[in-house]
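I opened the notebook to look up a few local features, one entry at a time. The sequence and the structure come first.

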Amino acid sequence: METKSIKKKMFDKDYLKERYGFNFAHFLTLVKMLLQDKLKISFKANKKQSIIKIISFVVGFIVLTAASWLLYYIVQLLHLFSVLSYIPLTVPSLISTVIFVLAFLGAIFGLTRTLYYSNDNRLMITYPCNGNTIFLARLFVYFVNEVIRNSVIQIPLFLGYMIVMNFPLYMVIWLIIGIVLVTFVEVLLASLISIPVYYANRFLEKFSLIKSFISLFIIFIIVGGISYIVYLIPESIDIFTNWGPYFRRIQAFLNGYGTYCSPFYFLTQFLIGNLNGFVVQPFTLTTLYVGLVLIGSIALLFGLCLLVVNPIYFKLASESFEFESDTTFISKRVKKRRYVNSQIHKELLLFLKDPNYSTSIIGSFIFLPIILTLMNKLYGAMNVNHFGDYIVSCVNVLVILIIALNSNSVVAKSYSDEGNAFKYNLVYPKNSYFLLFSKNIIPFSIGAVSILISCCLFGFLKDYGAVEVTLMFFGIIFIYLAHMLFASQLDFCSITSQFSRSSAQTKAQRVISITAFVIPIILVLLFFLYLNDNILTAYIKLLVLGIIIFAISLWIYILRVKLVYQEGN
Amino acid sequence: MNFFKQLLNLPTLIIAIVALVATIAFYIAFPNLIGVYSTVFLILLILFLFLLFVPNLIKDNEGENKISKFTFINKIKEYFSNKENKIALVRQIFALILFFIFLTRFFLNHDYLESVVSMESDILSPVEIVFSTFLNQWWIGSIILILINEFVKSEIFETLVKFISTPILILSFFLLFLIIPGICGDISLETLDPRAYLMGAELGISLAFVASIWFKNHSFKLTKELGISLGLGYFLLIIANFSGYIPKIFFGTSIGELPLPLDLNWTHRVYIYILILLPTLYFVLLYRYDYKHRRYFLTYISICVLFSYLCLRRYEIFESPRSLQLHLCNLAMFIIPITLVFKTTKVFYFTMFINVIGAILAFLMPNYNEGLGIFDVSVIEFFINHLYAAFMPILIVLLGVYERPKMKYFIYSMVGFLIYYLFILVWNTYFGTDYFFINSNFVADKLGDWAEDIFNIEASFEIFGKTLTFHPVYQIIFFVVYVIFAFIMWYVYELLFKIVDNLTLLVEKNKIVKKKNNEFILYLKSVRGKSMKEIRKEDLKIDYDELEANLKIEHLNKRYGNAKKAAVEDFSLTLEGGKIYGFLGKNGAGKSTIIKSIVGMHTFNSGKITVCGFDINHQPVEAKSLIGFVPDHYALYENLTGRQYINYIADLYNVSKKDREERLKDLLPRLELEDKIDKQIKTYSHGMKQKITIIGALIHNPKIWILDEPMTGVDPNSIFQIKECMREHAKKGNIVFFSSHLIDVVSNLCDEVIMIKHGDFILRTSLEELKQNNVDLEWLFLEKTKDDEDIKDNNLEVKGANN
């Protein structure tokens, strides 16, 4: 009886209408609302902000195009890929493939988060729209966002190549169409894959020990892989003398790519045309075949999404808010700690129990010394003069600073992430300074250890004395800590609600991300000038700069705690 | 007669005698300078007497003037009908005469000191060179101080004239035989340079002004503020009066390696550091003053620096079209003081948008000749010019003398820039000059071949027999790029203004907070009759458990941001221990605001809150340790277990292990959380989260337990448990103060109820009284919180706000 009723239900007109029906008006409203929230462009709400955002896009596009053109121009000048002034199509194809793959991986996780874990699902599920409309609206908004992202990144990269290799510029229009089609495939495929990813995530949430093992295993693989690459680097790299073999290897690699990754190569041909010697062939048979495959894939994937993802979307989206009772913790009974220890203990518990936060911090700082080792092994194998030596030192300082300062973007929302619990810190009978600063102790400790290891590695590989390494370490640490204090006070003086933001960066995070690049670049430029005077004094000046920046940051931090945070408004 | 009696006092007589004796002595010692000393003495005497006598000559005819049909004439008449204004006008005229004489002398010829290198001179010894150099500079600074003082009504500037100009000028008088050679050269020659006599006149007039000021106010007393201003005055005298030839005098010209453009070696960087440090220092020093004094000081700096910049440029700048000061950065040195004196908005913003970029670029790419030492005069003069042209406009805006730039000022500036550009273009083309580098390939050369190619596109034509050659494409692009650059730089300025504004706001707030803290400390010392150290020692020994529960709110005022209406206005309340108080009011009445003010979640505009005698603002740690707070939305660390959370809270309140064990043993079964305490809080239901919050608020046994709508969303069983906790806590002699919308709960639970409306206290009564008078609490609440009626209730005894 039950099976019959289910079967009847499945083919019931009303049920089908309810489940798979589509209301365009509701769809449009949802899309408008979600797009405005995602892109933060609304001429009605905030004209100035919207104009600034659009101008930023345009400027970013222009800058990236210029950078891409410059890169290909230099490559062409240096004859890296050909004895003639020629860059084969496989080069931009390889670059775009890597970006597409990374974008695809990002889309899988991003879509999983958006579809099933988004905070506003709680509300959207209650709207008077059928599930199909909501699902398609979400997917469409994500698609639009991905198109914009791919356009801003991929089109400039291709454009630079097209200008250098004299492609007809009307192909840019075709390129845009191509990007849209490819993004369609990317998003639809990602939405399909999001289901097993969701279940895997749920499984790992339940068994966090397994999650930890997997994370450690992945880290081990990556570290091992990079260590192997470091091992492979020869002791001496003399590119200019041994250019022949290197050139042949590059050619072999590119040919291999063209053969074994031919679908991606054909995709590039579809997007910008084929390059036959120096002759550009905008539209070929390959264009037609690839286009048909893309359209077919879109149709197939769309159908699968409607049939597979859509029906279970509501179920999965609402499930993610059900907290299952966790296994009983074996907790020590009542234990009294001193205030400082208790505060640090609490922060440690929160740090470990928030995988997003802890992974970001730990991940950045595990890879820092590894990247530095790889870089310095490469540099060490090159025969550099004094100027080259200075550049190497500067690049090392730059990389350490950029990674360390970028890790502070997590700190820039750490107080907001505590929600109401943070707001009520003002009620406790304790001085606010340590209460606030305790949040930074653990990420700072991890960062400091990583920076110390990196500096020691750098000193060891460059044969620097303990004095230079010590000065470098403290100089960088002061700058890192100053930036961390800046990130903290941006957050606690202007808490953003967890509900109002989905995955977008907060304003504080945006500021921190920008300064995390600008500050290291300025400091390293100064450092380079100082190196030209004297190496030892350069590190002393770096330390002095670090102390000055830290002193100013600390002073502002103290004032803002006292005068803004404690005001509590 | 009175005047002469006043004049013939002892100090004046002594000064006059000393001056006369000195003059005679110098006549004898330096016969060549007889004319100069005579000039000084005569002018000093005549002008001094005149300035003293002027008030007696001028009549006060305020209110007597005939009304003219022209408004501005009436305004002028009204202004000068006042005697003080007339006297001021006379003094200003003489001040301008002084300045004119100084200008004439300054531009007439170059200073002899320009030719001194490494302290070597034919006519002066090294010691004399030192005195001559610095006194000549400070002489200029003193004259400018006198000039400014006569045009402003300022006690500070009068003090500066009294204590800076006076000693400098007196010293100059006695060392005139050193100062004059520094300007005029050898004074032993038969014919003395006419500039010497002009200097004599300057000195005479300046001394007369200074003497008249001392005569009017001969007090030596300096307040702390005036003392600080005096220190600033001396600092500015030294820094701003620094001619380009001074380093060469002491160090010569062969020291150091001059950086090539874009080299940015250490010597170049030192100048760039000064570009950052000097304006910062000026800002910090001038920030303490009000608007008008900032303007006066900036005027002083800009005029002094102008003359420092002009050290190499005298009469010859007017001789030919090539030597005019028409480069943007050169113009800036003149424009800046003019805009400060005359408040010409359009001209100022022109210099701000256009000059600053040019100056900064010049700073980074200096264009002086190669092969010069770092102390060469042209190098120093170059950096002085571009240093001040770069930062002065920004500093002026930062200090608020001119407002932050707006779009309309940008447009005016671009129009002005266009006019300047066209003028310079024609001037350069006609006279063969290269002001602003638009007629040569100076900039194109740095950019590369592509720029040179654009530059080489020429257009020539003849006019009045002269061939004029333009580079139209290059010159148009130059203009457009400069305008775009100016626009982009505006964004950078805005960023800087924002940062500085935020910092200064913090500093201002900090001053206010420090002042309030100091006032509280004084109050505490006066009340307790002890020093702060003793008070702190005493407070550490207090056993908080022995304290009596007491909460006092006095005249609390709270306004959010710039809201028109205060959220809470003049609210006062006193609560004693052993009772449960219900706090009623409509939504938005101010209940949460008052509660948050009590627990320290935000500050309030005025008033006082004391918790068991501890002020919540000035003794927050002590006061908060006596409060337990249950907010309307639970605020928990959901990743922690209940026990971990409670342990953490107990550690914050320094609860002993024994006490927390006892209290947990009591509370956990009562609130039915025994089996959940070791699970993560995120697995709790709403009611359980509320209950764990309650345990957190009670774990330290607070004297005052405050709950903000604790029953919201909680099941009846939990409500009962919470009520029992509240009754028990009050029985121990503590205060339980809670706000709620559940009238029934309040009427059954509370001993007293307090009602507020729109931030104002309206009623306080005991539930017992209400019951005795058969008054329904719900009815009373609805009546009392109505917006359009005053209830006259003769049957109720209402406790007043100040009980």
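Before the entries, I note the cut-offs for accessibility: a residue is buried under 20% relative accessible area, exposed over 50%, and partly exposed in between. I also note that this is a predicted model.

**Entry: Asn701(B)**
I looked up the backbone first. Phi of Asn701(B) is near 50 degrees, which is positive although the residue is not glycine. I then placed Asn701(B) in chain B, in the loop that runs between α26 (686–698) and β9 (704–708). Is Asn701(B) exposed or partly exposed? Its relative accessibility is 23%, so Asn701(B) counts as partly exposed.

**Entry: Asp463(A)**
I found a positive phi here too: Asp463(A), a residue other than glycine, has a value near 65 degrees. Where does Asp463(A) lie? I find Asp463(A) in the loop of chain A between α19 (432–462) and α20 (466–492). The relative accessible area of Asp463(A) is 71%, so I list this residue as exposed.

**Entry: Phe485(B)**
I traced Phe485(B) to helix α20 of chain B, residues 472–528. I read a relative accessibility of 32%, and therefore Phe485(B) is partly exposed. I then checked Phe485(B) against Phe353(B). The two are 132 residues apart along the chain, and their C-alpha atoms are separated by 9.4 Å.

**Entry: a positive patch**
Which residues form the positive surface patch? I list Lys48(A), Lys507(A) and Arg510(A), together with Lys498(B). I followed up Lys507(A). Helix α21 of chain A, residues 507–533, holds Lys507(A). Its relative accessible area is 58%, so Lys507(A) is exposed.

**Entry: a sheet in chain B**
I looked up the strand order next. Chain B has an open sheet of 4 strands, ordered β4-β3-β6-β7, with antiparallel pairing. Which strands are at the edges? They are β4 (568–576) and β7 (614–615) of chain B, and each pairs on one side only. I then took one pair from the sheet. In chain B, strand β3 (residues 550–558) pairs with strand β6 (residues 606–611) in the antiparallel sense, over 5 bridges. What stands opposite Leu551(B)? I find Val611(B), in β6(B).

Technical notes:
Residues are numbered from 1 along each chain as its sequence is written. Chains are lettered from A and ligands numbered from 1 in the order in which they are written. This is a predicted model: local features need pLDDT of at least 70, side-chain atom pairs count only at pLDDT 80 or more; totals for chains, interfaces and linings use all residues. Side-chain values use heavy atoms; hydrogens and water are left out. Patches are made of residues with over 30% relative accessible area and no salt bridge: like charges are joined within 9 Å, nonpolar side chains (Val, Leu, Ile, Met, Phe, Trp, Tyr) within 5 Å. Accessible areas come from the Shrake-Rupley method with a 1.4 Å probe; for residues, only the protein chains shown count as cover. A salt bridge is a side-chain nitrogen of Lys or Arg within 4 Å of a carboxyl oxygen of Asp or Glu. Lys and Arg count as positive and Asp and Glu as negative; His and the chain ends are not counted. The place of a charge is taken as NZ of Lys, CZ of Arg, CG of Asp or CD of Glu. Helices (H or I, at least four residues) and strands (E, at least two) are DSSP runs, numbered from the N terminus. Buried means under 20% relative accessible area, exposed over 50%, partly exposed in between (1.4 Å probe, protein chains only). Two strands pair if DSSP finds at least two bridges between them.
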